[in-house]
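Hi,

Here is the structure I promised to send over.

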Amino acid sequence: MGEARRRKASGEPVSWCRTCTLCCVLPEILSLDKPMYKPCRHIARSRCGIYGQPERPDACSAYACAYLQARMNGGSGRNRIPHPLEAGAYFHIDQQENAVVMFVDPAKAERWKTTQIAEILRTLMARGLHLVILDRGRRMVVKSEFVYDEILKRDMIAFADAEGRPKDIAEYDIYASGVQASG
Ligand code: SF4
Ligand code: SF4
């Protein structure tokens with residue numbers, strides 16, 4: 001029995017995140033004064049070192065990526081979204097912005113395109129959400145299926161880098177060498 005199933009069977013809390021810390025590295029977290037791409041100082045052994053403690057920010061306690069949300073909900077679609085460590089990306093829906101926001105692991109940047117995520121994002125866009133991709137210091141807002149298809153076909157970030165276009169997120173060049181999000 002895997003660790004998650006054993007824990008579930010014994011009533012212990014299940015760690016669906018496993019050793020993923022992508023959402024502790026890639027986004028900006030204001031309450032921790034943490035810029036994008038800088039690993040949180042509280043990461044310890046590929047987990048949150050202050051889990052369950054009062055100093056853990058509410059923003060962390062409240063957050064669940066779409067993968068984790070689906071697991072916690074336990075519905076029939078819970079196996080559809082790949083684990084972020086396998087997909088090299090995670091996403092969530094931002095209701096206020098009417099957007100689906102995806103953060104890409106720089107170490108596995110193109111992998112999500114080969115997973116179920118590619119079709120899930122297409123479905124969400126067809127429902128009227130726009131897509132925001134944060135990938136290797138770039139922020140792309142995708143509002144049309146045509147542009148989405150272009151992104152699936154080629155590595156747009158490599159293309160922009162080869163052209164010498166400046167990054168949208170300058171912190172990427174400062175912290176990218178220290179990014180080890182995929183524990
Ligand atoms: S990205 Fe998702 S699976 Fe990974 S640590 Fe965050 S909530 Fe857990
Ligand atoms: S406090 Fe814990 S959950 Fe929040 S970003 Fe840091 S390591 Fe992750």
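**The sheet, its hairpin and the ligand**

V101 stands opposite V132 in β5, and the bridge partner of M102 in that strand is I133. Both pairs come from a predicted model, where local features need pLDDT of at least 70, side-chain atom pairs count only at pLDDT 80 or more, and totals for chains, interfaces and linings use all residues. Residues are numbered from 1 along each chain as its sequence is written, while chains are lettered from A and ligands numbered from 1 in the order in which they are written.

Strands β4 (residues 99-104) and β5 (residues 130-135) run parallel and are joined by five bridges. Strands here are DSSP runs of E with at least two residues, helices runs of H or I with at least four, numbered from the N terminus; two strands pair if DSSP finds at least two bridges between them.

The open sheet has four strands in the order β3-β4-β5-β6, with mixed pairing. Since β3 (89-94) and β6 (138-142) are at the edges with a single partner strand each, one side of each is left without a neighbour in the sheet.

β5 and β6 run antiparallel, joined by five bridges, and form a hairpin with two residues between them. R136 in the turn has a positive phi of about 50°, and D135 stands opposite R138 in β6.

Finally, what surrounds ligand 1? Its shell (C-beta atom, placed from the backbone, within 6 Å) includes C17, C20, Y67 and Y90.

Best wishes
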